[in-house]
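Here is a short report on a two-chain model. Keep the structure open while reading.

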Amino acid sequence: MHPAYSVIYFTVASGAGYGLLFLLGLQAAFDLLPAHPWSAPASGLFALALVTTGLLSSTLHLGHKLRAWRAVTQWRSSWLSREGVLALIGLPVAVAFLYGMAFQNDAGWWRALGLAVAMLSALTVHATAMIYASLKPIRHWNNPLTVPVYLLLALASGGVADLAIDAAFGDVTLASGLLGLALLAAGIAVKRGYWRSVDAGEAPSSPESATGLGAIGRVRLLERPHTEENYLLKEMGYQVARRHARRLRLVAQVLGFLVPALALAAALMLSGGVLAALALFLALAAMLAGLLVERWLFFAEAKHTVTLYYGAGRV
Amino acid sequence: MTSLPDQPAQRRLGLVIDLDTCVGCHACATSCKEWNMGGVAAPLTDLDPYGAKPDGVWFNRVHGFEAGEGGAGRTVHFPRSCLHCENAACVTVCPTGASYKRAEDGIVLVNEDLCIGCKLCSWACPYGAREFDEAEGVMKKCTLCVDRIYNETLAEADRKPACVMACPTGARHFGDLADEGSDVSRLVAARGGFDLMPELDYRPTNKYLPPRMNASPAAVAPTASGEAIRPESKFLQWVDRLFSR
C-alpha cells in the first residue's frame, strides 16, 4: 500500500496525543497528577497540539477537503466515520478538562471528566486501528494484533511524552519511570508479535482464487491490461524491497524502543535535573521518529489482493 | 446511507463473463470508456493522454493470464470490472454515504456530490474495481450502465451495459442473477459459473464461466519427430515423416 505521509504523521502524532490524554485523564481521576501546577496542563497542551495537527493532516489527502464534515454521518457502518465522530466529541471534552485542570484546580468536576477523556481517547485510537484491521483485502492489516499495536504504541509514546514534560518541571517519579519502561517493553513485544504473525501467516488469496482458473493449473500473468501505471498500481501496488524492510524494522525497534528505554533508564538514575529532562526529550524524539518508520512500514509492507491481477504471487 | 440493504435485493442485476469465448480484444473496455465518458459518472478523466505516461480512469480492464502447463495449459483473457457484491465492503466503509448499494437491483454506485475522495472504498475492494479520478477528486466505478439499462429513450434491445453490447464474441451476458429462471442464471448453472476470491466472502453478483477443457494432450498421436503436430494436419504429418527418416 502507498504510504501517504499525511496519514503516517496523523496516526503517529494523534496516537501519541491520545495516549498522553489517556494517561492525564486517569491521573486526574485517581488524583495522581504531578505536584508542579503547570506540569500536567503543559502535557495537556502538548497532547492537544499533537491531536489537532494530526487530525488536520489526515484531511490533507482528501480529494474534497471542504466536504470532510460529511464524514461524521455514517457512524453506523464505517470505522472512518466513527473515528471522526469520536475525535470531534473528544476535542471539546479534552479542552474543558484542561481548562479545569489549569484554572479551577480546587473544583472537582474536571477530575471526573478525566475518565471521559481517557475513555474517548482510547476509543478514538481503537477506531483508527479498526479502519485498517477491518479491511479483508489487506492481510497485513486484517490481523488480530493490528488493534493492540495501535493502542499500545499510542500509550507508550504518550507515556514517554508525559515523562519528558514532567521532567522539564522536575517531577519524574520512580514509579512513573518504571511504568514508562513497562509500556515500552509491552509495545515492542506486541509489535514484534505482529511482525512474526504477518511473516508466518498464510496468505488467503492467490492468482488461482483471484481468477478462478486454479482447476487448470498454476496461474501467472501473461500481460497487463495497460502498459503504464494506473491508480490501482500507484495506490495499492506499492512494495518495499524485502531487504530494506528488514533494516527498517531494525531502525524502528532501535529508535522507537531501545533508545527511549535507555534514555529513560539514564534519566531515572540521574534522578531529576536538566540532564534527566534532556535525556527524556531525546527519548521522545527518538520514539516518534521510530514510530514514523514503523508506521511507514505498516503501509509499505502491506499487500492488497488487487496486485494478484498484476502478477503478484500469494497475497 | 452506507449500510447495506436489510433485505437481499429482489433483483440482482449483473454480468456473466465467459472466459472460454473472450478473445481479449478490449472492445468491452473501450466501449465502456466511450459510453461512460458521457454517462452519469462522466468524465472518466485521462491524465497526460497523448504524452509519455498516459493514465486515466477505466471501469473495465482486460488482463491476460496463463494457466496450467504444456499442452494442458491455456491462455485466458480476463476482463475485470465491478462485481456488484452482495457483501460490498466498499459501501460500508464509506464515511459520508456517497457509496451505496441499491435495494431494488443491487447495483453499487457512488454519489459523487457526497464523495470526499478519502479512497478507503478502493482499499476495501479486493478486486480493484474502483478508480480515483485525480482531476475530479472523487472515486469512480462501474455503474452497470444504469443510465442505459433503464433508459427508455433507447430501443429495448439496446438497454444493456455498453460492454455487453460491444462484445464481438458474445462473451458477456447481462441479466438478473436472483431469478433462477433467467438466461444468465441458467448459463451459470450449466457451465459451472464461479465467484472470484470466494474466500473473502464478498459474495459477488457477477459470475465467471470457466474455459472449456481441450481434449487431453495424450489424445494427440505422437509424431515421427516427437514435435507436436495436430492430427488433422495430414500434410504436415507427411512432411514430418519425410524429414524424420
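pLDDT is the predictor's confidence in each residue, on a scale from 0 to 100. This model is predicted. Chain B has an average pLDDT of 92, and 92% of its residues score at least 70. Where pLDDT is low, the predicted coordinates should not be read in detail. For the model, ipTM is 0.94 and pTM is 0.91.

**Where the chains meet**

Start with the contact between the chains. Chain A brings 46 residues to it, and chain B brings 53 residues. On the chain A side, helix 3 (79–103), helix 7 (207–211), strand 1 (219–223) and helix 8 (231–236) each supply at least two residues. Strand 1 of chain A gives the largest share of that side, with 5 residues. By class, the side of chain A that touches chain B holds 20 nonpolar, 16 polar and 10 charged residues.

Which strands form the open sheet that has strands from A and B? Its order is 1(A)-4(B)-5(B), and the pairing is antiparallel. Strand 1 of chain A and strand 5 (74–80) of chain B stand at the edges. Each has a single partner strand, so one side of each is left without a neighbour in the sheet. On average, neighbouring strands of this sheet are turned by 40° against each other, direction ignored.

Strands of a sheet pair through backbone hydrogen bonds, either parallel or antiparallel. Strand 1 of chain A runs antiparallel to strand 4 (residues 61–67) of chain B. One of the bridge pairs here is A:R220 with B:E66. Strand 4 of chain B also pairs with strand 5 of chain B in the antiparallel sense. There, B:F65 has B:V76 as its bridge partner.

**A sheet within chain B**

Another open sheet has 3 strands, in the order 10-1-11 of chain B, with mixed pairing. Strand 10 (172–176) and strand 11 (207–209) of chain B are at the edges. Each of these has a single partner strand, so one side of each lacks a neighbour in the sheet. The twist averages 25° from one strand to the next. Strand 1 (residues 13–18) of chain B is parallel to strand 11 of chain B. B:V16 has B:K207 as its bridge partner in strand 11 of chain B. Helix 6 (residues 183–191) of chain B packs on this sheet and touches strand 1, strand 10 and strand 11 of chain B. The direction of helix 6 makes about 120° with that of strand 10 of chain B.

| Strand pair | Sense | Bridges |
|---|---|---|
| strand 1 of chain A, strand 4 of chain B | antiparallel | 4 bridges |
| strand 4 of chain B, strand 5 of chain B | antiparallel | 7 bridges |
| strand 1 of chain B, strand 11 of chain B | parallel | 3 bridges |

**A helix pair in chain A**

Helix 3 of chain A packs against helix 4 (residues 109–133) of chain A. Their axes lie 8 Å apart, at an angle of about 155°. Angles over 145 degrees count as roughly antiparallel, and the two helices, helix 3 and helix 4 of chain A, are therefore roughly antiparallel to each other. The crossing of helix 3 past helix 4 of chain A is left-handed. Their contact has 20 nonpolar, 6 polar and 2 charged residues.

**Backbone details in chain B**

Most residues other than glycine have a negative phi, and most peptide bonds are trans. A cis peptide bond joins B:A42 and B:P43, with omega about -10°. B:P43 sits in the loop between helix 1 (27–36) and strand 2 (46–47) of chain B. B:D48 is not a glycine, yet its phi is positive, about 55°. The loop between strand 2 and strand 3 (55–56) of chain B holds B:D48.

Note on methods. Residues numbered from 1 in each chain as written. Chains lettered and ligands numbered in written order. Predicted model: local features only at pLDDT ≥ 70, side-chain atom pairs only at ≥ 80, totals over all residues. Contact = placed C-beta atoms within 7 Å. Nonpolar A, V, L, I, M, F, W, Y, C, P; charged D, E, K, R; others polar. Pairing = 2+ DSSP bridges. Axes fitted to C-alpha atoms, helices over the stretch in contact; angles between N-to-C directions. Parallel < 35°, antiparallel > 145°, perpendicular 65-115°, else oblique. Left-handed = near helix turned anticlockwise from the far one by under 90°.
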